[in-house]
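Subject: Structure handover

Hello,

Here is the structure for your files. My notes on it follow below.

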Amino acid sequence: MEAKQKVVAFLGPKASYTHQATTQQFPESDCTIICQSSIEDVFAAVQTGTASHGVVPFENSSNGSVVFTLDLFADLQGRYPDILVCGEIYLPVHHCLLGHVPSHPSPKVDQAASRSLMSDGDSPDVSGTVTPTQAAPRPELPRVQPSHDVKGIRKLYSHPQAWGQCKLFLSTYLKGVERQDVSSTSKAAEHVAQDKTGTSAAISSKIAAELNGLSVLAEGIEDNEGNSTRFFVLRRRQEAQKSEHVNEVDESTEMERYKSLVMFTVNHGEPGALARSLEVFNKFGLNLTSINTRPSGETQWHYIFFVEFLGRKRPEGKGGAVNDALNELDQVARSWRWLGSWESAFKE
């Protein structure tokens with residue numbers, strides 16, 4: 001019997017960074033790739049079985065965790081109880097400023113000269129200088145400068161995560177320009193493509209420029225040249241557990257090759273409650289790789305804690321440090337939920 005083709009949902013439209021990550025992991029020759037308009041729609045597609053897998057952004061190396069994704073894992077309304085993480089994808093992210101090239105050319109900027117002007121006390125402008133402050137009297141310059149005139153831009157579109165990844169460029173060349181959050185960077189490019197006035201621009205990818213007929217006004221505008229985003233691959237609990245531990249390895253290898261994610265709550269009125277929960281992981285030799293928090297939705301200033309660590313959960317009865325830790329966490333945490341184990345894709 002022929003195997004059923006995978007259906008993979010991703011945050012679109014096409015040319016989004018999530019789309020690029022998806023096709024990196026799931027070639028379109030082997031899978032059906034379906035576009036979703038929001039991260040929640042990806043969760044819903046996997047939960048309902050419309051898609052066998054989903055791909056969502058989880059964190060960026062420069063700007064931290066994607067809170068939209070964390071909130072969906074927190075699942076305060078109980079809409080996505082069967083969603084687990086079964087894999088991860090790392091993608092280098094190089095942002096571009098996309099728009100319509102103005103009719104008049106832009107003069108090239110000598111950044112060294114701009115810095116010299118600043119030292120002479122001249123006022124900063126859009127030539128590549130940054131307004132000094134008391135805290136930063138000689139502020140850092142962006143890595144690149146525009147290849148076209150950007151003085152006429154009055155509105156910027158992008159995904160909220162992108163703003164924090166391009167702070168130096170934006171504060172230097174587009175300070176004070178209105179910013180509009182949209183569901184993805186590729187959706188931002190679509191908005192700008194429809195605006196023929198030339199007064200809007202998008203932070204998006206070079207691929208999105210080609211797909212939408214836009215010009216690259218500046219390339220590589222991210223602050224950090226090594227900017228990268230980690231994406232999670234989602235699957236329904238029942239399907240993920242069917243394929244659990246196909247590759248049996250010893251526990252020491254598991255601790256090197258695999259990661260797990262768990263979320264838990266504690267009694268905030270009980271002194272030491274969080275410390276006792278975290279001590280469980282130390283007791284069983286589990287190396288924590290990240291901790292995140294989100295509001296619990298129950299009481300103000302009470303939180304859900306997300307802990308990622310090395311190692312993987314084994315099927316019931318198989319023992320192991322992760323299983324032992326989770327059994328003890330059940331005794332000290334107010335509540336907890338396992339969110340999946342997967343093989344690490346990170347390469348040093």
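Which residues form one aromatic cluster? They are Phe 43, Phe 58, Phe 73, Tyr 80, Phe 232 and Trp 342.

Before the details, the conventions. This is a predicted model, in which local features need pLDDT of at least 70 and side-chain atom pairs count only at pLDDT 80 or more, while totals for chains, interfaces and linings use all residues. Residues are numbered from 1 along each chain as its sequence is written, and side-chain values use heavy atoms, with hydrogens and water left out.

Aromatic pairs

Searching the whole structure gives 10 aromatic pairs (rings of Phe, Tyr and Trp, the last by its six-membered ring, with centres within 6.5 Å; planes under 30 degrees apart are stacked, over 60 edge-to-face, the rest tilted). The ring centres of Phe 58 and Phe 73 are 6.5 Å apart and the planes stand at 70°, so this pair is edge-to-face. It joins distant parts of the chain, with Phe 58 in strand S3 (residues 53-60) and Phe 73 in helix H3 (residues 67-74), 15 residues apart (helices, H or I of at least four residues, and strands, E of at least two, are DSSP runs numbered from the N terminus).

Phe 58 also pairs with Phe 232, this time stacked, at 4.2 Å centre to centre and 25° between the planes. Phe 58 has 1% relative accessibility and counts as buried (under 20% relative accessible area; exposed is over 50%, partly exposed in between; 1.4 Å probe, protein chains only). Phe 232 is buried at 0%, and Phe 73 is buried too.

Charges over rings

Arg 312 lies over the face of Tyr 258, 4.0 Å from the ring centre (the criterion is NZ of Lys or CZ of Arg within 6 Å of the ring centre and within 35 degrees of the ring normal). Lys 313 lies over the face of Trp 338, at 4.6 Å.

Helix H7

In helix H7 (residues 185-194), the buried residues are Thr 185, Ser 186, Ala 188, Ala 189, Val 192 and Ala 193. Viewed down the axis, they fall within an arc of 150°, so they line one face of the helix (the arc is taken over directions from the helix axis to the C-beta atoms).

Strands S1 and S2

Strand S1 (residues 6-11) pairs with strand S2 (residues 31-36) in the parallel sense over 6 bridges (pairing needs at least two DSSP bridges). Phe 10 has Cys 35 in S2 as its bridge partner.

Regards
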